[in-house]
Structures are given as C-alpha cells and as structure tokens.
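Work through the exercises below with the sequence and the coordinates at hand. Each task is followed by a stepwise solution.

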Amino acid sequence: DQWVVTSASSEKDGVGFVYVQQQVNGLPVQGAVANFALRDGRVVSFGNRLIADAAAKAPAATPGIDAPEALRQAAKRLGLEPTSVYVVRTLGANDFELSPSGVATGPVFAKLIYQPGKDHGLRLAWDLTIRSNTTAHWWHLAVDAVNGGLIRVNDYNIACASPNGGAASTDRTPAKVGALEDRSSCEIAAQTLEISIAASAVGSAKLQWPFSSRQMPVWRSKVL
C-alpha cells in the first residue's frame with residue numbers, strides 16, 4: 001500500500017497538522033485518508049480511515065472503458081442525453097477535464113480511483129463530477145471502470161422543507177441521495193454538515209456550501 005501527503009499546516013500554538021491519502025497502484029482510494037496532529041515532533045492525536053491490505057483487495061489499474069465512455073454511461077443511467085463528449089485536457093495520469101457534453105454547466109472532471117465497496121473490497125472506477133445544466137443536481141459519481149455501472153451516487157444539491165414547514169432552497173449542499181427516510185432532508189443535511197439551519201421570516205432555510213467542484217469532500221456516499 002502507498003500513501004501521499006495531501007496537505008500540511010501549522011498553528012501558532014506549535015501544533016502541526018498532516019493529512020494523507022491512501023493510494024494503490026498509483027491511484028487514490030476514495031475516502032481512505034488519515035490525519036495527524038503533531039507537537040514537538042510527536043503525534044498527539046490522529047484519525048484513521050485507511051483500508052487494511054488495500055493492495056491485496058484492488059484489481060489491476062487497467063480500465064475497460066475510458067473517461068468519455070464513463071461519462072456517457074453515467075449520463076445514461078441518470079436519464080441524461082450527452083452530446084459531443086471529449087477530453088478537453090489531460091490534468092495528470094488518469095485525470096481528465098471533459099467537455100460539458102450537453103449535460104453540465106461547465107467542465108466534467110474525471111479521474112481513475114479505487115472505490116471501496118460494501119463487501120470491503122475495492123473496485124476500479126471513474127470518479128466524475130457533473131453539475132447539471134437543466135436541473136438543480138450536482139452529481140459526484142463513481143462509475144465502474146470495467147462495465148460502466150454506477151457504484152456510488154452523491155448529489156450535492158437537495159430540495160427540502162425547513163423545520164417550520166416552509167419551502168426551503170439549498171445551494172451546493174452535500175447530502176445523501178434519496179435519504180428522505182423518516183426525517184426531512186433538511187435535517188439529514190444539517191446532521192451531515194454538523195451545522196444548524198436558521199429559518200427566515202418567510203419560512204425558508206438556505207444551506208451554504210462554499211467549496212468548488214474540484215475540492216468538495218465526500219461527506220456521505222450511497223454505494224450501490
């Protein structure tokens with residue numbers, strides 16, 4: 001198994017923070033991260049979401065479909081009709097900027113990753129970010145790099161009702177897809193973000209999410 005330092009910082013009180021991302025075969029493992037707090041060269045606290053024996057669980061890093069085809073397959077399964085799908089530029093090894101393809105408001109970013117599954121195994125996948133040009137959806141997906149099936153679906157936009165029963169709007173809010181369950185989607189979004197919802201005088205609530213589409217972390221995932 002491999003890992004890379006994704007960021008590091010230090011505070012005025014002398015505590016430093018280091019964040020690492022697990023990799024296998026040179027590809028990131030989705031959600032497999034660790035963070036460390038350091039003082040005087042010693043670890044004072046840490047969080048660990050790394051996957052044990054990841055290399056043994058990972059298939060070969062050879063996709064059966066390319067990034068444009070992954071976008072076509074994802075769009076098909078989301079009920080979208082892509083047009084003129086092509087690579088705009090290569091950002092790195094197995095990391096691409098794709099055309100809006102008639103389904104997005106801007107570029108669609110695609111990179112090859114390993115996606116953990118419910119069986120604790122790893123699947124080779126294309127990670128895609130699609131902000132719909134016709135709906136409020138802002139999709140963050142994992143497409144099976146062998147057969148084109150959807151294996152993870154996130155939607156950063158939701159529509160929901162505020163706590164006092166009024167209509168609410170959301171702006172780039174990460175939420176678990178289809179997670180209405182027995183609670184309002186506003187409540188679920190608030191718990192996901194660990195923030196509170198403030199209802200306005202007209203009974204609406206707005207959740208702000210300031211990250212760009214290339215920087216948004218995955219808070220909750222629906223793994224299929």
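**Exercise 1.** Determine whether W138 and Y156 are buried or exposed, and classify the geometry of their rings.

Solution. Step 1: in this predicted model, W138 and Y156 are both buried. Step 2: their ring centres lie 6.5 Å apart and the planes meet at 80 degrees, so the pair is edge-to-face, given that angles over 60 degrees fall in that class. Step 3: W138 belongs to strand β9 (residues 138–144), while Y156 sits in the loop between β10 (150–155) and β11 (160–161); the pair thus links parts of the chain 18 residues apart. Step 4: the W138 ring also has the charged end of R131 over it, 4.2 Å from the ring centre.

**Exercise 2.** Find how many aromatic pairs the whole structure holds, and classify F36 with F46.

Solution. Step 1: the search returns three aromatic pairs. Step 2: one of them, F36 with F46, is stacked, at 6.4 Å centre to centre and 25 degrees between the planes. Step 3: F36 is in strand β3 (residues 27–39) and F46 in strand β4, so this pair ties together parts ten residues apart in sequence. Step 4: F36 is partly exposed at 28% relative accessibility, whereas F46 is exposed at 60%.

**Exercise 3.** Locate I51 and decide whether I51 is buried or exposed.

Solution. Step 1: I51 is in the loop between β4 (42–48) and α1 (54–57). Step 2: its relative accessibility is 18%, so I51 counts as buried, the limit being under 20%. Step 3: Q22, 29 residues away in sequence, has its C-alpha 8.0 Å from that of I51.

**Exercise 4.** State the confidence of the model.

Solution. Step 1: the mean pLDDT is 76, and 69% of residues reach 70 or more. Step 2: residues 159–221 have pLDDT below 50, yet this stretch has 113 contacts in the model beyond near neighbours in sequence.

Notes:
Residues are numbered from 1 along each chain as its sequence is written. This is a predicted model: local features need pLDDT of at least 70, side-chain atom pairs count only at pLDDT 80 or more; totals for chains, interfaces and linings use all residues. Side-chain values use heavy atoms; hydrogens and water are left out. pLDDT is the predictor's confidence in each residue, from 0 to 100. Contact means heavy atoms within 4.5 Å. Helices (H or I, at least four residues) and strands (E, at least two) are DSSP runs, numbered from the N terminus. Buried means under 20% relative accessible area, exposed over 50%, partly exposed in between (1.4 Å probe, protein chains only). Rings of Phe, Tyr and Trp (its six-membered ring) pair if their centres lie within 6.5 Å; planes under 30 degrees apart count as stacked, over 60 as edge-to-face and the rest as tilted. A charge sits over a ring if NZ of Lys or CZ of Arg is within 6 Å of the ring centre and within 35 degrees of the ring normal.
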